[in-house]
Amino acid sequence: MTQAWLKECLFSFAAKFPNITLDVQLQNEKVDLVDAQVDIAFRVGDELAQDWVARNLWSSPYGLVAHQSYLDQYGDIRHPSELDRHKLVSVSSLKNWSMTEQSSGEKYTIQGPYLFESNDVLVVREAVSYGMGIGWMPPYYFNNPSHANSGLVSVLPEWLGQARPIKLLYRDRDMMPARIQVFIQHVLEWKSLQTAPYASL
């Protein structure tokens, strides 16, 4: 998430407040925020930290994506049931791809097998970009303007996974440092100015 788009929020904060030091740590695994001496955290999903305030920022679904070269070789698909005959690449923690057709409410679940897996969604996206198969990831990894010439295309865009919340977490302190107050305000202001793909998530 940070490498895909949240970094723009951090960079703009650094430009606005050049005297505040930023130490940005990216983890796919759960981290004890107190032991790690974290001031602010962004988390995807419903899992929260005890005694921390959580502010909802966005909600992002998962969607199917492939490189056009893969579809040219193996053909387009009209229904998720056809994924069984395709090569699939997946984030390691997502063993089930559960999706819903947005108009009809029809549901379908894929349970592998997966040709390629990684715990890093950017590596999975690179595998998709290489033409290794069809992937399953948040649409902001493949459908914003910066991907216009990437060759990545949405597959069955009407079929989406359940949206996962993206939250801003911080400790509720009586004497919150000014640097944390201005960072939280910056994030909320930055969010309010975003257009697609973030505003639609």
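Let's start with strand β5 (residues 97–101): W97, M99 and E101 sit on its covered face, while S98 and T100 are on the uncovered one. Strands here are DSSP runs of E with at least two residues, helices are H or I runs of at least four, and both are numbered from the N terminus. This is a predicted model, where local features need pLDDT of at least 70 and side-chain atom pairs count only at pLDDT 80 or more, though totals for chains, interfaces and linings use all residues. Residues are numbered from 1 along each chain as its sequence is written, and side-chain values use heavy atoms, leaving out hydrogens and water.

What does β5 pair with? It runs antiparallel to β6 (residues 107–110), joined by 4 bridges (two strands pair if DSSP finds at least two bridges between them). M99 has Y108 as its bridge partner in β6. The two strands make a hairpin with 5 residues between them, and G105 in the turn has a positive phi of about 85°. β5 also runs antiparallel to β10 (residues 159–161), through 3 bridges, with E101 opposite W159.

Now for another group: 3 strands form an open sheet in the order β8-β3-β9, with antiparallel pairing. β8 (135–137) and β9 (152–155) are at the edges with a single partner strand each, so one side of each has no neighbour in the sheet. β3 (residues 63–67) and β8 share 3 bridges, and V65 has G135 as its partner in β8.

Conventions: Buried < 20%, exposed > 50% of the residue type's maximum accessible area, 1.4 Å probe, protein only.
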